[in-house]
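Dear colleague,

Please find the structure below, handed over for your own work.

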Amino acid sequence: MERTLTKKDQKQLNKWLNAKKVFELLYKASRDGCSNTAFHQKCDNKGPTVTILYNTSDCVFGGYTSVSWDSAGAYRVDPTAFLFRLYFKGSSNPKKYPAINGTNAIYGHANYGPTFGSGHDIYSFNATVALSGASFPLNGSLTPGTSYVMAGDNAASLACSSLNCYDVEVYSVKDGSIINDDQWRQLTESKSEVLKSEIETYSPIDGVKVGRVNILLVGAVGAGKSSYFNTINSIFRGHVTSQACSGSAEHSLTTHFNPAVSISPDTPGYKKTPKTQDIIHCVAFVIDGCSVDVFPDKILQNMKAIQQKANRRGIPQVVILTKVDKSCPYVEEDPGTLFYSSAVSELVEQVSQLIGLPRAHVLPVKNYEKEMELVDDVDVPALVSLRQMLRFADDYLYNFLDEEDED
Ligand SMILES: Nc1nc2c(ncn2[C@@H]2O[C@H](COP(=O)(O)OP(=O)(O)OP(=O)(O)O)[C@@H](O)[C@H]2O)c(=O)[nH]1
Ligand SMILES: [Mg+2]
């Protein structure tokens, strides 16, 4: 039994909600602790949510509410709330139990975990529940039927009357992405072969002694720098490669250059009087699309500091916005929808405001990560991003047209 909301479960919930919502995990007892404080810290004032309990009888059940959890110690009205069962003793057995009139739909109390109904319809827990073996013996109670229409069902047929749970999860229920008929970013060229040959035949503008342009990739641990490099590399190699190690780790996986030590004039290879070909011609901030809502302040400050330095030198900057497949289920399923996805378009807007760059400088990509073979629809946004950086680098090189005669 899965102890997380599967795609199939999400589809079922969307059927009941008669909508296309996306589910974002806010709270998970096994991860965050089974306590009133952890629950309220993660879930208060987050809008519509769905709570799911996974008990040791392999029953999966819970409740949906469109109103926010809070710690006010009062019932909240929600005629759209409902309880549900997804699995019974390990078998799919979906059933929805609507609110009777919605008056006592949920109870938000600082000491309580998620609580539905005035008769302890589903009252998960109170204070802290310690893990006992592999499960949390929840200390609430399960007596559905006061505020929700059980239509012949009861605690036994809902969930084997058991609150001994492997896990309790709360997901935020958000408006899903939509796929528009028109692209939100008009691409003049959307064939990867054409983009590829455009880039292959690129050389920096005439009149500057620069054989190639230097692009600096900067970003947080795990943002997708190595993956982006690998994606571009793969496209030109003609098959998926992973020259730069990528993966997930607490500290940076790529430590080719010691990140703890700044470069100084004593660093081997340091050039006191760099030529135009030695300097950075474009700075690319690599940002994980999933991190945008909760962007760490420290990283933002670091980026702003780099931005200031780049601005002083007039160096163009872009954002490579990675993992956009995780922000839109359609893009995840079909990367060809990337430039049609409302979620990606909104994300680009959000990042442009966060970093303070025009939207055209925010370049969304979905890197190669799970794929074994090249996919045209993955290549196109990556190539578009690279072409854009080359164009910006060229713009920057114009500044050096007159300065190249000294040597
Ligand atoms: N779904 C998805 N996963 C991605 C994408 N880009 C990167 N990843 C995953 O994110 C994780 C981190 O990516 P890396 O490329 O290693 O990140 P990095 O910026 O090089 O990280 P460090 O070198 O550790 O600082 C890996 O598990 C990648 O597979 C993407 O566009 N979509
Ligand atoms: Mg790396």
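Lys323 sits in the loop that joins β14 (317-322) to α8; helices (H or I, at least four residues) and strands (E, at least two) are DSSP runs, numbered from the N terminus. The phi of Lys323 is near 60 degrees, a positive value in a residue other than glycine. Its relative accessibility of 23% makes Lys323 partly exposed; buried means under 20% relative accessible area, exposed over 50%, and partly exposed in between (1.4 Å probe, protein chains only).

This is a predicted model, in which local features need pLDDT of at least 70 and side-chain atom pairs count only at pLDDT 80 or more, while totals for chains, interfaces and linings use all residues. Residues are numbered from 1 along each chain as its sequence is written, chains are lettered from A and ligands numbered from 1 in the order in which they are written, and side-chain values use heavy atoms, with hydrogens and water left out.

A positive phi also occurs at Ser161, about 55 degrees, although Ser161 is not a glycine. Ser161 belongs to the loop between α4 (155-159) and β11 (164-175), and at 45% relative accessibility it counts as partly exposed.

As to the overall fold, the protein has 10 helices and 15 strands. Its C-alpha atoms fill a box of roughly 90 × 45 × 35 Å along the principal axes, and 47% of the 407 residues count as buried.

On the surface, Glu193, Glu200, Glu333, Asp334, Asp376 and Asp377 gather in a patch of negative charge. Such patches are made of residues with over 30% relative accessible area and no salt bridge, like charges being joined within 9 Å; a salt bridge is a side-chain nitrogen of Lys or Arg within 4 Å of a carboxyl oxygen of Asp or Glu. At least two residues of the patch come from each of α5 (192-200) and α10 (376-397). Glu333 lies in helix α8 (residues 329-333) and is exposed, with a relative accessible area of 74%.

Finally, a search of the whole structure finds zero disulfides, a disulfide being a pair of cysteine sulfur atoms within 2.5 Å. The cysteine sulfur closest to that of Cys165 is in Cys34, at 8.3 Å, which is too far for a bond. Cys165 is buried, at 0% relative accessible area, and Cys34, in the loop between α2 (29-32) and α3 (36-43), is buried at 3%. Cys245, by contrast, is exposed at 56%.

With kind regards

Note on methods:
Patches are made of residues with over 30% relative accessible area and no salt bridge: like charges are joined within 9 Å, nonpolar side chains (Val, Leu, Ile, Met, Phe, Trp, Tyr) within 5 Å. Accessible areas come from the Shrake-Rupley method with a 1.4 Å probe; for residues, only the protein chains shown count as cover. Lys and Arg count as positive and Asp and Glu as negative; His and the chain ends are not counted. The place of a charge is taken as NZ of Lys, CZ of Arg, CG of Asp or CD of Glu.
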